[in-house]
Amino acid sequence: MGCECLMAGYCKRHRVNKSKHWLYLCQNKPRYFAAWEKGVGPGQRTTAKVRSKPIAGGPGTALLKLIADQGGTVHRGGVCNDKIRQMNLWGSEGCRERLNVIVGWLTAPPRRTNRRERITVTAPGSRRPSPGTARRLVLNAIARHEGDVNHGNLIIVVVGGKTTEEQWQITGPRIENYARRVGADLKVLMGDHHPGWPMANKWRIQPFVAKYERTLYLDVDVFISPDAPNIFDAVPKNRFGLFDEFADTRFNVPGNWIQKEGNAICDSQGWPRIQLTWSANGGVLLFPKWASDLYAPPEKKVKKYWCLDQGLLTLQLERFQIQPHFLDRKWNHGFVGSQFWRGIKDAYFVHLNGSRPHSYRMALLRRFAAGDFSRLNPPATAHWRPQWASL
């Protein structure tokens, strides 16, 4: 057995950032894989006895660490993973409200309880925790999680490769100014870790999302208006803010390719298929801390779709029945939208998603920087053009 990761980067199972060489060792050298499994592999700091895939960001993760710190073991599998993830999604207040439910998961007798209604835990001495011990564990885990939260806001951008570096020369100063104006920290992740699949660089933000109370992710091709208000004020706290591009996609691409791609993702991960009525755009995403676990590479192999991150995110929100806060178009005024040129002057964030080729995208950014928002159609030779270019 080897590492299940599809690419170099953050490994959720072993909780370490793996280079391409480490990924090779984990997939091909059993002794390295065994060391990472035990928590003593390269890059790991602890020897915690937590097994299987750790899950980032929330009271559930804090509970795993607390049990391991006290010499206990969580025997992890798909069902236990879902329970820990559910605790992360509930957050501190939600876990307090459901304290008795979680205690029941921890104390349920394995042989007399459906495995979907328990977390299989062994306390020191090979015994399951008593209800009183379980209650203290959960409350202490919630307190530990709350102590780990950075109560500030973060804006994060990934600049991976030459073309995005050129775009950053124009969009970067505006994003930096915006971060200062709204009082947010700014983190820029440089370098292309996935040359064959540039989109995969976006998953590098997950560890940072887990550390801040709220994180705004921006694609590097997002041009911010100097008059843009504070987006953190536009989205209720503890809600996931995103723009629904379902109508725009249906306008530009014949047939419901979003549903077809969604079905393929569900099939690859072993999930029941979900009928989609909306679709997240991944260029402007406002994460609450509890949502860090939802934005991560798939656990099982899947086709490398160009925008897999946003399709996967949509499905994760639907699976856990999380209603996002849909942003007004002004916060993600996309190039693929049917009214792109009509509403561009009133937009807060202009997103040049789908603008091709690169030279055309750069021409648009230079014009916007100079205050010129007059219409400029993509060249007829472009690999793809939105429908409005033909109208």
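Buried residues make up 53% of the 391 residues in this chain, and keep in mind that what you're looking at is a predicted model. The secondary structure comes to 14 helices and 13 strands. If you take the contacts with a separation of 6 or more, 69% of them are between residues 24 or more positions apart.

Helix α1 runs over residues 20-28, and its buried residues are Leu23, Leu25 and Cys26. These three cover an arc of only 160° around the axis, so they sit on the same side of α1. Turn to the face pointing away from that buried side and you'll find the exposed residues Lys20 and His21.

| Helix pair | Angle | Distance between axes |
|---|---|---|
| α7 (residues 162-182) and α14 (residues 358-369) | about 15° | 11 Å |
| α11 (residues 257-269) and α12 | about 75° | 10 Å |

Take the α7 and α14 pair to begin with. Helices α7 and α14 pack at an angle of about 15°, which means α7 is roughly parallel to α14, as angles under 35 degrees count that way. Their crossing is left-handed. On the α7 side, the contact is made by Thr163, Glu166, Gln167, Ile170, Thr171 and Arg174, while α14 brings His358, Arg361, Met362, Leu365, Arg366 and Ala369. Sort the residues of this contact by type and you get four nonpolar, four polar and four charged.

Now for the other pair. Helices α11 and α12 pack at an angle of about 75°, and that makes α11 roughly perpendicular to α12, since 65 to 115 degrees counts as such. Here α11 uses Glu261, Gly262, Ile265 and Cys266, and α12 answers with Leu308, Gly311, Leu312 and Leu315. The residues of this contact split into five nonpolar, two polar and one charged.

The loops have some details to look at too. You'll find Pro357 in the loop between β13 (349-351) and α14.

Asn238 has a positive phi of about 70° although it is not a glycine. Its place is in the loop between α9 (231-234) and β9 (241-244). Is Asn238 buried or exposed? Asn238 has a relative accessible area of 57%, so it counts as exposed, the cut-off being over 50%.

Gln321 isn't a glycine either, but it has a positive phi of about 55°. Look for Gln321 in the loop between α12 (308-319) and β11 (325-326). With 74% relative accessibility, Gln321 counts as exposed.

Finally, have a look at His194, found in the loop between β6 (185-190) and α8 (206-209). His194 has a relative accessible area of 8%, and because anything under 20% counts as buried, this histidine is buried. Which residues does His194 touch, not counting those up to four places away in sequence? They are Met7, Ala8, Ala200 and Asn201.

How values were computed: Residues are numbered from 1 along each chain as its sequence is written. This is a predicted model: local features need pLDDT of at least 70, side-chain atom pairs count only at pLDDT 80 or more; totals for chains, interfaces and linings use all residues. Side-chain values use heavy atoms; hydrogens and water are left out. Axes are lines fitted to C-alpha atoms, for helices over the stretch in contact, and angles run from 0 to 180 degrees between N-to-C directions. Helices (H or I, at least four residues) and strands (E, at least two) are DSSP runs, numbered from the N terminus. Angles under 35 degrees count as roughly parallel, over 145 as roughly antiparallel, 65 to 115 as roughly perpendicular and the rest as oblique. A crossing is left-handed if the near helix is turned anticlockwise from the far one by less than a right angle, and right-handed if clockwise. Contact means heavy atoms within 4.5 Å. Ala, Val, Leu, Ile, Met, Phe, Trp, Tyr, Cys and Pro count as nonpolar, Asp, Glu, Lys and Arg as charged, and the others, Gly among them, as polar. Buried means under 20% relative accessible area, exposed over 50%, partly exposed in between (1.4 Å probe, protein chains only). The arc is that of the directions from the helix axis to the C-beta atoms.
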